[in-house]
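This report covers a protein chain, from its overall build to selected side-chain pairs. The sequence and structure come first.

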Amino acid sequence: MTANDCAYTKKNYFLVLKNKKINNFDILEEIIKRFSSHGYYFDKTAFVAYDNSADIIFALNDGLENYENIFIYCPDSMQSTLKSYICEHLSAQFDDLNLLRIEQKLVFLLLESNDLYKCVDYFCSKLDEKYGLTYSKAYVKTIGAPVSKINAAVTQAKEICEGLSINVNEIYSDCTIELVYDNTVSKSLFDSAYRQIISGLQDYLYAVEDVSLAERFVDLLKLRRMKISLAESFTGGGIAKRLVDISGVSEVYLEGLNTYSNQAKSRRLGVEEFTLRTYGAVSKETAYEMARGLFDTGDCNVCLATTGIAGPKSDNTKKPVGLVYIAVGVDSEINVYEFNLKGLRKQITETAINLALFLAFKTLK
């Protein structure tokens, strides 16, 4: 999701020339996010099939006549034709980085084969020069914060500092709130707005810089000089993958067990047959015993255990899809948390991984 009311928008137009048979907009979403991270947004975004010359000319003329800055995303094969038309229309030439400037109008051409992030950064630097702006950024990162609380915190921050742009991006309950402000914004007002967001989301906060939850957790384990072991069932090694992606994790990561079946839970972790028969594999009792098994058989002083139903179908116990238990242990003290998550299989699994790491982070902190 995105929350923004940008005071810096300067009539920006984004024209996308696309294959009408392929509707993959992921890269375009990433381009738009990249622009927003620099404080620039689009008044209008137009999508035109690249084989419809009449619509292309109409859309180009709309941008060239009515907007200060025009951004065009197109296949490489159209580069020569588009450049010729625009150059003739404006009596100007593109530079080597596909930027055309005529008086106060800027035209930017993004090609499919280019390093698009690098191009966006370059184009935004030219916009900064044009408007005499320098930007600063700050971050607030949370896990599991309700949308209502995020929206309330963002709204209150904007009321405090009207010139502030705020981008909110959430995936699998991991939310990055990016605050962008330029040199015309009062630093004291920005600081007040920043504190407002942090205060409103304190219970869900894990960082006030642009780092991942796994990085923060590994750093905390190193600081505490502790080692962690994992026992994962439905998350299938996802927590372990997050941790081992972090450089230097070998200092704190002892082992990870993917005990997917009941037999593995019993043989590798000592989960009682009585527990599995009576309460089931997806239960707070089983999650607790999985964590206890890590403490009893290993040399860790922090542990995480997960068990749940990711779907798309439930198991034969009639427990609902999305039922998740996460056990967090520190120095042999174990707490079990229950969640009822919504969504498809991947969403449930990835959200549970984030929640598990966050619960361990908060417990250890």
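The text below goes from the whole chain to its core, its salt bridges, its cysteines and one lysine.

**Basis of the model**

The model is predicted; local features need pLDDT of at least 70, side-chain atom pairs count only at pLDDT 80 or more, and totals for chains, interfaces and linings use all residues. Residues are numbered from 1 along each chain as its sequence is written, and side-chain values use heavy atoms, with hydrogens and water left out.

The pLDDT is the predictor's confidence in each residue, from 0 to 100. Its mean over the protein is 93, and 97% of the residues reach 70 or more. Over residues 1-9 the pLDDT stays under 50. For this stretch the model has 33 contacts beyond four places in sequence, a contact being heavy atoms within 4.5 Å.

**Overall build**

The protein contains 12 helices and 14 strands. Both are DSSP runs, numbered from the N terminus: helices are H or I runs of at least four residues, and strands are E runs of at least two. Along the principal axes, the C-alpha atoms fill a box of roughly 80 × 50 × 35 Å.

Of the 365 residues, 52% count as buried. Buried means under 20% relative accessible area, exposed means over 50%, and partly exposed lies in between (1.4 Å probe, protein chains only). The accessible surface of the protein is about 17,700 Å², and carbon and sulfur atoms hold 47% of that area. These areas come from the Shrake-Rupley method with a 1.4 Å probe; for residues, only the protein chains shown count as cover. Among contacts with a separation of 6 or more, 69% join residues 24 or more positions apart.

**The largest nonpolar core**

In soluble globular proteins, nonpolar side chains tend to be buried together. A nonpolar core is here a set of buried Ala, Val, Leu, Ile, Met, Phe, Trp, Tyr and Cys residues joined through side-chain atoms within 4.5 Å. The largest one has 40 residues, and those with the most contacts inside it are Phe217, Ile228, Leu243 and Leu304. At least two residues of this core come from each of strand S9 (205-207), helix H7 (213-224), strand S10 (228-232), helix H8 (238-244), strand S12 (302-308), strand S13 (323-330) and H12. H12 supplies the largest share, 11 residues.

Which residues does Phe217 touch, not counting residues up to four places away in sequence? They are Ile228, Leu243, Val302, Leu357, Ala360, Phe361 and Leu364.

**Salt bridges**

A salt bridge is a side-chain nitrogen of Lys or Arg within 4 Å of a carboxyl oxygen of Asp or Glu. The whole structure has 10 of them.

| Glu68 | Lys130 | 4.0 Å |

Glu68 is partly exposed at 32% relative accessibility, while Lys130 is buried at 17%.

Glu350 and Lys346 both belong to helix H12 (residues 345-364), where they sit 4 residues apart, about one turn of the helix. Glu350 is buried, with 19% relative accessibility, whereas Lys346 is exposed, with 53%.

**Cysteines**

A disulfide is a covalent bond between the sulfur atoms of two cysteines. The criterion used here is a pair of cysteine sulfur atoms within 2.5 Å. By this rule the count is 0 disulfides. For Cys87, the nearest cysteine sulfur is that of Cys74, 13 Å away. Cys87 is buried, with a relative accessible area of 10%. For Cys300, the nearest cysteine sulfur belongs to Cys303, at 5.4 Å. Cys300 is also buried, at 9% relative accessibility.

**Lys18**

Lys18 lies in strand S1 (residues 12-18) and is buried, with a relative accessible area of 18%. Not counting residues up to four places away in sequence, Lys18 touches Asn23, Phe25, Phe47, Val48, Ala49 and Tyr50. Lys18 and Pro75 are 57 residues apart in sequence, and their C-alpha atoms are 7.5 Å apart in space.
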